[in-house]
Amino acid sequence: MELINAINERRSIRKYAPCVVKMEEIKELISYAQKAPSWKNSQTPRYYVALSDEAREALRSRLASFNMERTENVGAFIVTTVVHGISGYNRDGEGTHLGNGFECFDNGLAVENLILKAHEMGYGTLIMGLYDEKAIKEMFKIPENENVVVVIALGKADISPDMPERKSIDDILTVL
Ligand SMILES: Cc1cc2nc3c(=O)[nH]c(=O)nc-3n(C[C@H](O)[C@H](O)[C@H](O)COP(=O)(O)O)c2cc1C
């Protein structure tokens, strides 16, 4: 699939049909996420996947209630974290005006690769920013120095939503 088509066609999916996601497919998705640029190539994003029936239900119960409803039948949940306090800093610990901001920036670049690759593989995705972080960290035994960023639902889309309206280019662009 042309990258440009994936960018144009991908949508957030909030209704899924039952499906089975394979471990090899998860690894392929992560390999694309891993190709994303990162601060000084620090590669701080990490991934925790709920794949079994039991793990998926456990993860789903840790989402905000409206996200729980939207993710029935998903084949996998991918939790992304960042190793905190590395991206955005030089070796002396000196940072930028964004503080820790670049660690989430790096995570976002990786997630965009992942969801576009998922689209090419025939999967729908939903990025979710509302969940019980403490409960998810306990579930996967995520180390203290990692922050959960988003949970991504991955499955077979059971709807075909239109693109939500975007702001006009003139509203967001300044050129001198
Ligand atoms: C950081 C982030 C958090 C999001 N959290 C949620 C969420 O908790 N629940 C949800 O249904 N959508 C969530 N979304 C999806 C956005 O609502 C969606 O990307 C946006 O409306 C544009 O639609 P599109 O993805 O179909 O282009 C999130 C997206 C991002 C980037």
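In the predicted model, Tyr-16 has Ala-157 in E5 as its bridge partner, and this bridge belongs to the antiparallel pairing of strand E1 (residues 16–17) with strand E5 (residues 146–157), which extends over 2 bridges. Strands (E, at least two residues) and helices (H or I, at least four) are DSSP runs numbered from the N terminus, and two strands are taken to pair if DSSP finds at least two bridges between them. Residue numbers start from 1 along each chain as its sequence is written. Because the model is predicted, local features need pLDDT of at least 70 and side-chain atom pairs count only at pLDDT 80 or more, whereas totals for chains, interfaces and linings use all residues.

E5 also pairs in the antiparallel sense with strand E3 (residues 76–83), over 8 bridges, and with E4, over 5 bridges. Val-151 in E5 is the bridge partner of Val-79 and likewise the bridge partner of Met-128.

Met-128 is also found at the ligand, where 13 residues form the surroundings and the closest are Arg-11, Ser-12, Ile-127, Met-128 and Gly-129; a residue is near a molecule if its C-beta atom, placed from the backbone, lies within 6 Å of it. Helix H4 (65–70) and strand E4 (124–128) each supply at least two residues of this shell, to which E4 gives the most, with 3 residues. By class, the shell is made up of 7 nonpolar, 3 polar and 3 charged residues, where Ala, Val, Leu, Ile, Met, Phe, Trp, Tyr, Cys and Pro count as nonpolar, Asp, Glu, Lys and Arg as charged, and the others, Gly among them, as polar.

Two packed helices are described by the angle between their axes and the distance between the axes. The axes of helix H2 (residues 23–33) and helix H5 (residues 101–120) come within 7 Å and cross at roughly 135 degrees, with axes fitted to C-alpha atoms over the stretch in contact and angles running from 0 to 180 degrees between N-to-C directions. H2 and H5 are therefore oblique to each other, a class left over once angles under 35 degrees count as roughly parallel, over 145 as roughly antiparallel and 65 to 115 as roughly perpendicular. In this contact (C-beta atoms, placed from the backbone, within 7 Å), Leu-29, Tyr-32 and Ala-33 in H2 meet Ala-110, Val-111, Asn-113, Leu-114, Lys-117 and Ala-118 in H5. The residues involved divide into 7 nonpolar, 1 polar and 1 charged.

Definitions and conventions
Contact = placed C-beta atoms within 7 Å.
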